[in-house]
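Here is a short briefing to read alongside the model. Keep the viewer open and follow along, topic by topic.

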Amino acid sequence: MEFDFSGGQVTAEATFGTVESLYVGHGEWLTAWLERRLRCPDWAAQISQDTFCRLLERLPEAAPSAPRSYLVTIARRLLIDDVRRRAIERTVLDTHAIRHATVEYLTPERILEAVQFLDQVLALIEALPEATRKVLLLRRLEGYSHQEIADALGMSARTVRRHIVTATMRMYALLSD
């Protein structure tokens, strides 16, 4: 399998070799760098592994000129995504606890309920019309303002508000079930 990058021929084996050389040369360094910042070896190992998985998903054309900076940039982006995901999970668990008017210790049953509820939320988001889904994700996950969303999607701020109201009403309907 061959890819054509900037006029030259680069084989898939060469790009996999680039990822392999980055892993061999900088994998332990990246994990140690993450451990110093996160103070959690397991979390650091997970983000480090995800960094190299991301590289395999988007094979680099050639070895980066500053490999450690390149790896840190990818790891930071993955870390931001992970923190956002954890915040959403925490919010779902808190909402679930408030909804049931009790705060209990985590049990396998409560974890299963939370996972099922999260599945319902994801199904609801996937069932939204595409424009409404885009607006919701830009607002809730990316933190864009109504005007920023309107500019990015080429619609009026009023239309953005309408999409947010639609999504919010569906979310509240799910919570009231």
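**A leucine on the surface, and what surrounds it**

Leu-137 has a relative accessibility of 31%, so it counts as partly exposed. Please keep in mind that this is a predicted model.

**The nonpolar patch**

- You will find Leu-137 in helix H5, which covers residues 130–140.
- Together with Ile-88 and Leu-141, Leu-137 forms a nonpolar patch on the surface.
- The accessible area of Ile-88, Leu-137 and Leu-141 together is about 200 Å².

**Overall build**

- Reading from the N terminus, the order of elements is β-β-α-α-α-α-α-α-α.
- The protein has 177 residues, and 29% of them are buried.
- Of the contacts with a separation of 6 or more, 56% are between residues 24 or more positions apart.

- His-26 sits in helix H1 (residues 12–38).
- Is His-26 buried or exposed? Its relative accessible area is 17%, under the 20% cut-off, so His-26 is buried.
- The side chain of His-26 makes a polar contact of 3.2 Å with the side chain of Arg-68.
- Beyond residues up to four places away in sequence, His-26 touches Arg-68 along with Pro-67 and Leu-71.
- His-163 belongs to helix H7, and it counts as buried because its relative accessibility is 9%.
- Which side chain does His-163 join in a polar contact of 2.7 Å? The partner is the side chain of Thr-132.
- Thr-132 is also one of the residues that His-163 touches when those up to four places away in sequence are set aside; the others are Ala-131, Val-135 and Met-155.

**A methionine in helix H7**

- Met-171 is placed in helix H7, which spans residues 157–176.
- Setting aside neighbours within four places in sequence, Met-171 is in contact with Val-121, Leu-124, Ile-125 and Leu-136.
- Ile-125 is 46 residues from Met-171 along the chain, and their C-alpha atoms are separated by 8.8 Å.

**An arginine between two helices**

- Arg-39 lies in the loop between H1 and helix H2 (41–57).
- What is the phi of Arg-39? It is positive, at about 60°, although Arg-39 is not a glycine.
- The relative accessibility of Arg-39 is 76%, so this residue counts as exposed.

- The mean pLDDT of the protein is 82, and 85% of the residues reach 70 or more.
- Which elements have the lowest and the highest mean pLDDT? Strand E1 (residues 2–5) has the lowest, at 38, and helix H6 (residues 146–153) has the highest, at 92.
- Over residues 1–14, pLDDT stays under 50.
- For residues 1–14, the model has 15 contacts beyond four places in sequence.

Terms used: Residues are numbered from 1 along each chain as its sequence is written. This is a predicted model: local features need pLDDT of at least 70, side-chain atom pairs count only at pLDDT 80 or more; totals for chains, interfaces and linings use all residues. Side-chain values use heavy atoms; hydrogens and water are left out. Patches are made of residues with over 30% relative accessible area and no salt bridge: like charges are joined within 9 Å, nonpolar side chains (Val, Leu, Ile, Met, Phe, Trp, Tyr) within 5 Å. Accessible areas come from the Shrake-Rupley method with a 1.4 Å probe; for residues, only the protein chains shown count as cover. A salt bridge is a side-chain nitrogen of Lys or Arg within 4 Å of a carboxyl oxygen of Asp or Glu. Helices (H or I, at least four residues) and strands (E, at least two) are DSSP runs, numbered from the N terminus. Buried means under 20% relative accessible area, exposed over 50%, partly exposed in between (1.4 Å probe, protein chains only). Contact means heavy atoms within 4.5 Å. A polar contact is a pair of N or O atoms within 3.5 Å; within protein, one must be able to donate a hydrogen and the other to accept it, and residues adjacent in sequence count only if both atoms are side-chain atoms. pLDDT is the predictor's confidence in each residue, from 0 to 100.
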